[in-house]
Amino acid sequence: MGKPPKKRSLSDKVRKTKTAPEIKNNPFEVKVNRKKFDVLGRKSKHDVGLPGVSRSRAISKRKETLLKEYKQKNKSNKFIDRRFGEYDTKMAPEDKILQRFAMERQRVHQKKDVYNLNEEEELTHFGQSLAEMEKFNDIVHSDDESEEKGLLSAELTASHFGGGGGLLKKKTPGEQQEEDEGSQKAKSRQELIEELIHKSKQAKRERQVQKEEAQELTEKLDQDWKSIQALMVKKTPKGERDDRPEEKPKPEEYDMMVRELGFEMKAQPSEKLKTPEELAREEQEELRKLEADRLRRMMGEEVEDGSKNQTHVSADDLNDGFALDKEDKKTLAYQDGKWNIGEESEEEKDEGGEEEEEEKEDEEGEEEEEDESGSEEEEEEEDEAGHSDLESEQESEDEGRKQQDDESSAKPKKSLSKEEVKIQQEAAKAELPYTFPAPESFTQLRDLLHGHTPDNQRLIVARTQKSNHPSLAVGNKLKLQKLFGFLLEYVGELATRTPPELAAVDKLVPELYALCQTFPDEACRAVQNVLRDSAHSVEEALEVKGHVAFPTLDLLVYLKLAALLFPASDFRHPVTTPALLYIGQALAKCPVRTLQDVTAGLVLCCLAVEYVSLSKRFLPELINFLLGTLHLAVRDKTSLGYVVAPPFRSSGRCSDLLVLSDVRSCRSWTKGSVPLLATRRLDLNDELDKDHHRLTCVSTCLDVVRRCCFLYSDLPSFTSVFQPISSLLSHHLSAQMLPDLLQEVRGEILDAVGGAARTHSRLVLDRKKPIPLKLLTPKIVEVLDYGKKRGCTKEEREKERLKHKYKKEFKGALREIRKDSRFLAREKLDEVLRRDVERKRKVKELFGSLANQEGEWKALKRRKRK
């Protein structure tokens, strides 16, 4: 088989075409393709090329194809005649016409006349054939036209235009006669309208007459029915009647349920929920009103009764001032055989009416007061249910509202004496104001709260917040933000007083919580500043002295407040996380030297357990301090089965702080909590009181250890962590040395630690054989001739050939696209240049014509001057 002929390229065509001899002989038009090396037996096809000729041919081809497409781009005004045989030059015009007519008849016959059985059709108009009418025999000349120009008769309109249902239908002889008579005398438009109105009135009268006749017949039928109705009813005589009552059927369960549903309470629409701004505005208005009443009472003025008797107003009330003062109904009685109408004298009626009105007013006033107090109690119960942690606040508010109710209930009915007015003024002066300005400094806040009870202090802070709500004025937000910092500082001062006023601190906590919820960022910064200052002081003391004392009572209060105001279960919190780190630092760095230090350390342990109760975060400082505290209660410290870490010592000074001086003191000891005041001062008179305090510390320590056992029971290292505490309780703190209550707690701790499953397993190497890395064997291809691969299959060679051909064609297509884009760019540029040249030429012509006109005008002007 021979090889298939190869496709000739454009260069081959250019080479074979006849070119001018001057081009072939011109060395500048000929390109010689040099060879790198000669090969024997190989014929070179492209030794010499003519790039100018091939370029000119490509340009001419693009002008014939690409340039025409570019010029016709976005142009749709092309008319194409699609008639049959229009572009067929071989057909004669008569054949084209006949063929078109036949195709049209065939199309109409196929679509419209499928069910037409007539072979021949004849088009008619008013029963006459159109073929005869188109002969135009009845031609009307201009001389025969009527003189009445512009008037169209009915016959002329019908003959020329046709249409109309009445003209096309076949008429009877009677209608034809009537039409002839009507045509002689045509009715006018007014006569037709009057005839139509007459017919409509006549039809209306006929309908009215029919309706009246039907009504009379109905009434007559009703009277006849009443006369015969008595005959149709069968009455049984009295003797035959049964005196027994009829047994009523019992209602079914479904009917009973339906009736019960009818008596059920229906849902009542509730009031609209108010926004916090509206609630704050109402509270402020209420406080202002109460303060105004208090100031009036303090000045000795009478306070007007604001609760007026409200009468019920019906929805149908006209509000015209008309009212019935007395009942128009008269009571009837039968006396001495006659009807007696009971009448009272006008004076008795007036007196009785006045008494009844006074009684009604008193009853209504009491009912209103009861309703008000009931609504206030309901609001207080809802608040207590929604905020269980603010019970102290609600109790004090209840007291304040009771005072308000008492004051409002004591309304003067008559003018008061001087002594009563004086008593009222003293009571008003002793009463707390209802509105307070926001303090601008800590000194103002301290002066404002000085001399008041804890409940009144809380009430003052609450009223200050309500009077300066952020939604009431622009600067109130900044004032309340400062108030949180002042309150925090005031709480610290209360804790440092002698004696500490912890009751006032407890009352102010709800107000701090409310401010913290309103301004969380400012509260966070304020508590952070307190913790930062205390941490810096601890670091400075450690650098200077090497040891630091336990936190004071005010700092313990701050740590407790941080746990109450902010979430302690977060993985990382800007307030609680530094507080927890500070607690751990204090437990690890502060040495235990006195019973006060032991008490402060146990308070820190309780706070740490409260911090990690939800997150179950492990604190090694906590476990170490608990172990050291229990170690302080051990008598014999010679052979220990555990290691004591700082800040405790295994033996020596301050290592026997919790050892009892007398074992018999266990009998008189009662369990209690460690007081916070013990962190600041201990009033222990004798050794018995000291032993009782030591037992209280041991009891608190064991309770915290028990809580930690339940808290960390899920840790894998639970048994290892609590093994020192377990050995201390089992070997060194025997049951005989502790009271009965502490023995029970000790037993629970030992059971919890001993009952924990040991899930530890020794570390061993993996017994599985490691998987080796995957090794790839290199593929060796034998190359016999350089530049050619041997040993490939036919499919692979075909695939390589197609890839090579694809690359070649792809490159050629890219080359042609680039040449096409350059050609179009040149054409666009030439078009722009041509338009510019034409525009410049027209502009020059315009300027020339204007210059000629200007010259002629000046010449004319000069002539006029001469």
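The model is predicted, so local features are given at pLDDT of at least 70 and side-chain atom pairs at pLDDT 80 or more, while totals for chains, interfaces and linings use all residues. Residues are numbered from 1 along each chain as its sequence is written, and side-chain values use heavy atoms, without hydrogens or water.

## Overall content

The protein has 28 helices and six strands. Both are DSSP runs numbered from the N terminus: helices are H or I runs of at least four residues, and strands are E runs of at least two. Of its 866 residues, 24% are buried. Buried means a relative accessible area under 20%, exposed means over 50%, and partly exposed lies in between (1.4 Å probe, protein chains only). Contact means heavy atoms within 4.5 Å. Among contacts between residues at least 6 apart in sequence, 72% join residues at least 24 apart.

Helix α16 covers residues 442-449, and its residues F442, L445 and L449 are buried. Viewed down the axis of α16, the buried residues lie within an arc of 60 degrees, so they line one face of the helix. The arc is taken from the directions that run from the helix axis to the C-beta atoms. The cover over these buried residues includes α17 (454-467) and α18. Just after α16, G451 has a positive phi of about 85 degrees.

Two packed helices are described by the angle between their axes and the distance between the axes. Axes are lines fitted to C-alpha atoms, for helices over the stretch in contact, and angles run from 0 to 180 degrees between N-to-C directions. Helix α18 (residues 476-496) packs with helix α19 (residues 502-518) at an angle of about 155 degrees, and their axes are 10 Å apart. That makes α18 roughly antiparallel to α19. On this scale, angles under 35 degrees count as roughly parallel, over 145 as roughly antiparallel, 65 to 115 as roughly perpendicular, and the rest as oblique.

On the α18 side, L480, L483, F484, L487, L488, Y490, V491 and L494 take part, and they meet A504, V505, L508, L512, L515 and C516 of α19. By class, this contact has 14 nonpolar, no polar and no charged residues. Nonpolar covers Ala, Val, Leu, Ile, Met, Phe, Trp, Tyr, Cys and Pro; charged covers Asp, Glu, Lys and Arg; the others, Gly among them, are polar.

The crossing of α18 and α19 is left-handed. A crossing is left-handed if the near helix is turned anticlockwise from the far one by less than a right angle, and right-handed if clockwise. The loop between α18 and α19 holds P499. A cis peptide bond joins T498 to P499, with omega of about -5 degrees.

## Helices α22 and α24

Helix α22 (residues 576-589) and helix α24 (residues 620-631) pack at about 35 degrees, with axes 9 Å apart. G584, L587 and A588 of α22 and E621, L622 and F625 of α24 make the contact. Four of the contact residues are nonpolar, one is polar and one is charged. The crossing of α22 and α24 is left-handed.

| Buried residue | Relative accessible area | Partner | Separation in sequence | C-alpha to C-alpha distance |

C666 is in the loop between α24 and α25 (687-711). Leaving out residues up to four places away in sequence, C666 touches L660, L695, M737 and P739. L733 is in the loop between α26 (718-732) and α27 (740-754). With neighbours within four places in sequence set aside, L733 is in contact with L630, A633, V634, L728 and R746.

The loop between α24 and α25 also contains P647, and a cis peptide bond with omega of about 15 degrees joins P646 and P647. C654 lies in the loop between α24 and α25. C654 is not a glycine, yet has a positive phi of about 60 degrees; C654 is partly exposed, with a relative accessible area of 25%. K616 is in the loop between α23 (595-611) and α24. K616 is likewise not a glycine and has a positive phi of about 55 degrees; its relative accessible area of 42% makes K616 partly exposed.
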